Amino acid sequence: MAAVDSFQFLYREISRSCSFYFETLALVGALYTASRAVILLRDCCTLVRVHFLPRMIPSKRLTQRFGDWAVIYGASEPVAKAYAEELARHGVSIIFITQDHTSVRDTAAALSQSYGVETVVILADFSLDHAASKPIKEAMRGKDIGFLVNCVDESLASPQSLIEMPEQSLLDLVNKNVAVATLMARLVLPGMVERSRGAVVNISSGACCRPLPGRVTLSAATGYLDHFSRALHLEYSGKGIFVQSLIPLQIASSGRQPSSSSSTASQRQGWFAPKPDVYARHAISTLGVSHRTTGYWPHTLQYGLMRCVPEWIWVLGSRVFISLS
C-alpha cells in the first residue's frame with residue numbers, strides 16, 4: 001500500500017514538473033495541424049480557381065487575348081494534335097511544324113474543314129542546324145502569332161536503360177526535345193514581345209517531378225521543359241507574354257505516363273487516364289490562369305498525393321515494383 005502511495009506521489013510530482021513541456025508540445029502540435037489545414041484549404045481553393053472557375057465563367061476569346069495564329073511543334077503527338085484542335089475550335093489558325101507531313105496533313109485538312117480556320121504544314125529537318133528555321137520564319141511572316149505549343153516526344157516514355165540507347169538516337173532525342181523546343185521559343189518570342197501579347201505552352205510530363213527507373217531521358221527532358229517554362233515566365237511575364245508549363249500524368253492512347261506501369265495500361269481510358277481530346281479541353285481552360293499545372297484536375301489530385309510521398313520511399317517503391325513485374 002505504501003508502495004502504491006509512493007508511486008502516485010512520484011507520478012504527481014513528475015507531471016507537475018513536466019507540465020510546461022507537455023503544454024509546449026501540445027502547442028507545437030496544434031500549430032502544425034493548423035498549418036497543414038491552411039495548406040490543404042489553399043490547395044483546394046487553387047484547384048477550384050484553376051480547373052473549375054475558368055470553365056464556368058466566360059472570358060475573352062483566345063484570339064482577342066493572345067492572337068490569331070498558333071505554332072505547334074511536335075504536331076505528330078496525340079496530345080499536340082488534340083490541343084491544336086481545341087485552339088482551332090476557338091477560331092485560331094494553325095501552323096504545324098513537323099518532320100513527317102503524312103502524320104499531320106490529314107489533321108490539318110480536317111481542322112480547316114471542320115472549323116473554317118487556316119492551316120499550314122511546315123516540313124523542318126532540324127538535323128540541318130539553323131537552316132530548318134528559314135521556312136518557319138517565312139510561314140510566320142506577317143501573321144499575328146499568338147501561341148507557341150511545344151510537345152515532348154512520346155517515345156521518351158518507353159522504358160529503356162540509358163546505356164542501351166544508341167548514341168545517335170540519344171542525340172536526336174535531346175536535339176528534338178530540348179534544343180528545338182528552345183529554338184522555337186527564340187523564333188516566336190520577338191513578335192510576341194513586339195505586340196505585347198502571346199502565350200507559350202510547353203507540354204511535358206509529370207515525370208519531371210519524380211525520378212523513374214528506365215526513364216532517365218524522359219525525366220531529364222521534361223524537367224528541362226518545365227524549368228525552361230518557369231524561367232521564360234520570370235523573364236517575359238512583364239512584357240505581356242503568358243508562359244505555361246503543362247505536366248500531365250497518364251493519358252489514354254498515349255505512352256506519356258510518369259509511373260512504372262506497363263505500356264498497355266496507358267491505353268485504358270478512365271477518370272485518371274483521359275483521352276487526348278478530353279485532356280486538351282481541360283488544359284486549354286487553364287491558359288491564362290495558371291503558369292504551372294497538370295492541366296486536368298484529377299491529375300492535380302494525383303500530383304498532390306505524389307508530393308506527399310518522400311522521394312526515398314518513391315524510389316524504393318519503384319524499384320520493388322520493377323523487380324516484381
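Analyst: A crossing is right-handed if the near helix is turned clockwise from the far one by less than a right angle, and left-handed if anticlockwise. This is a predicted model, where local features need pLDDT of at least 70 and side-chain atom pairs count only at pLDDT 80 or more, while totals for chains, interfaces and linings use all residues. Residues are numbered from 1 along each chain as its sequence is written, and side-chain values use heavy atoms, with hydrogens and water left out.

User: OK, so which hand does α3 show as it passes α8?

Analyst: Right-handed: that's how α3 passes α8. Helices here are DSSP runs (H or I, at least four residues) and strands are E runs of at least two, numbered from the N terminus.

User: Why are α3 and α8 called oblique to each other?

Analyst: Look at the angle between α3 (residues 78-89) and α8 (residues 276-285), which is about 55°, with the axes 8 Å apart. Under 35 degrees counts as roughly parallel, over 145 as roughly antiparallel, 65 to 115 as roughly perpendicular, and the rest as oblique. So α3 and α8 end up oblique. The axes are lines fitted to C-alpha atoms over the stretch in contact, with angles from 0 to 180 degrees between N-to-C directions.

User: Which residues of α3 meet α8?

Analyst: P78, V79, A82, Y83, E86 and L87 of α3 meet α8, contact being heavy atoms within 4.5 Å. On the α8 side they touch P276, D277, Y279, A280, R281, A283 and I284. The α3–α8 contact has 10 nonpolar, no polar and three charged residues (nonpolar: Ala, Val, Leu, Ile, Met, Phe, Trp, Tyr, Cys, Pro; charged: Asp, Glu, Lys, Arg; polar: the others, Gly among them).

User: What makes α3 roughly parallel to α4?

Analyst: α3 and α4 (residues 102-115) pack at about 20°, axes 10 Å apart. That angle puts the α3 and α4 pair in the roughly parallel class. The crossing of α3 past α4 is right-handed. K81, A84, E85, A88 and R89 of α3 meet S103, T107, L111 and Y115 of α4, giving four nonpolar, two polar and three charged residues.

User: And how do you know that α6 and α7 are roughly parallel?

Analyst: The angle between α6 (residues 167-195) and α7 (residues 216-236) is about 15°, with 10 Å between the axes. Hence α6 and α7 count as roughly parallel, and their crossing is right-handed. Residues in contact include L170, V178, A185 and L189 in α6, and A221, L225, F228 and L232 in α7. That α6–α7 contact divides into 12 nonpolar, three polar and no charged residues.

User: What makes something a pocket here?

Analyst: On a 1 Å grid over the protein atoms alone, a pocket is an open set of points where a 1.4 Å probe fits, with protein on both sides within 12 Å along at least five of seven lines; lining residues have an atom within 4 Å of a point. The largest pocket comes to about 720 Å³, a volume being the space filled by probe spheres set on points joined across faces, edges and corners. It has 24 lining residues, with D43, T300, Y303, G304 and R307 closest to its centre.

User: Which element gives the largest share of that lining?

Analyst: α1, with 11 residues. The elements giving two or more residues are α1 (2-56), β7 (292-293) and α9 (297-308). By class, the largest pocket's lining has 10 nonpolar, eight polar and six charged residues.

User: What about the second largest pocket: how much space lies in it?

Analyst: About 320 Å³. Of its 16 lining residues, P54, S59, H90, I284 and S285 are closest to the centre. The largest share of that lining, three residues, is from α8.
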